[in-house]
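Here are some notes to read alongside the model. Please keep the sequence and the 3D view open as you go through the points.

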Amino acid sequence: MASSRPPDAESPDPARRAAIRKWWEWTIRRLGSDDLAWVKALPSSLALDLGGYRMLGVHATARGPEDVLRPWAADDEFRGAMPADEFDYIACAHIHMPYLRRIGRAVVFNTGSTGRPMDGDPRSSYAILHLDGPRTGVSLRRVPYNIDATGRLAAERGFPWATGYIAALRAGENV
């Protein structure tokens, strides 16, 4: 279920938490009550059987939507955060860094971000799951998008820290 408050666990730094709160409040003010109800009703994970494969989708990890698991974490950290022996594929996001890892039985993959990657590559990233025989697997893809238009919209709509946001988008870094 989606949180009804900003993700305070996102940073131990009080100034960073205050900035995240301001960003969160700006976003919430733009959503209608139906939108908020829809977001709050979303499940925190989704398990599927697809073509004979078991797949789990989570925002961050199976431990929770704010959990941080970096691509370079040790296999034991992944095993503690993901039920890798129960699924063939586990899709996650949250950290805005695309990656593929095999942990136990599972291929764990992070889709990255379609609009705010944080791995030094400003292009949008996404994943394609192939479940068709010899091509079975995950492909990570990158495509450019119009960062200038995104920046203009952020500034026009009064997005907090629009200038820093645009610079971060261009660099593929966190705000």
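**Notes on the predicted model**

1. Let's begin with helix α4 (residues 147-156), whose buried residues are Ile147, Gly151 and Ala154. Buried means under 20% relative accessible area, exposed means over 50%, and partly exposed is in between, with a 1.4 Å probe and protein chains only. Seen down the axis of α4, these buried residues fall within an arc of 60 degrees, so they line one face of the helix. The arc is that of the directions from the helix axis to the C-beta atoms.

2. A word on the ground rules. This is a predicted model, in which local features need pLDDT of at least 70 and side-chain atom pairs count only at pLDDT 80 or more, while totals for chains, interfaces and linings use all residues. Residues are numbered from 1 along each chain as its sequence is written, and side-chain values use heavy atoms, with hydrogens and water left out.

3. What covers the buried residues of α4? The cover includes α5 (162-171). In α5 itself, Ala162, Tyr165, Ile166, Ala168 and Leu169 are buried. Viewed down the axis of α5, they fall within an arc of 165 degrees, so they line one face of that helix. They pack against α1 (14-29) and α4, where contact means heavy atoms within 4.5 Å. Just after α5, glycine 172 takes a positive phi of about 65 degrees.

4. Now step back to the whole chain, which has 5 helices and 7 strands. Helices (H or I, at least four residues) and strands (E, at least two) are DSSP runs, numbered from the N terminus. Along the sequence they follow the pattern α-α-β-β-α-β-β-β-β-β-α-α. Buried residues make up 35% of the 175 residues.

5. How do the strands come together? An open sheet of 5 strands has the order β1-β2-β3-β5-β4, with mixed pairing. Its edge strands are β1 (45-50) and β4 (99-103), each pairing on one side only. Two strands pair if DSSP finds at least two bridges between them. Strands of a sheet pair through backbone hydrogen bonds, either parallel or antiparallel. Between β4 and β5 (residues 106-110) there are 5 bridges, and these two strands run antiparallel. Look for leucine 100, which stands opposite phenylalanine 109 in β5.

6. Serine 125 is worth a visit in strand β6 (residues 124-130). Is serine 125 buried or exposed? With a relative accessible area of 2%, serine 125 is buried. Leaving aside neighbours within four places in sequence, its contacts include Pro98, Thr111, Arg141 and Arg142. Proline 98 and serine 125 are 27 residues apart in sequence and 6.9 Å apart in space, C-alpha to C-alpha.

7. Please check two loop residues as well. Histidine 96, in the loop between β3 (89-92) and β4, has a positive phi of about 60 degrees although it is not a glycine. At 17% relative accessibility, histidine 96 counts as buried. Tryptophan 161 sits in the loop between α4 and α5, and its phi is near 60 degrees, a positive value in a residue other than glycine. Tryptophan 161 counts as partly exposed, at 35% relative accessibility.

8. Finally, consider the overall dimensions. Along its principal axes, the C-alpha trace spans about 50 × 35 × 30 Å.
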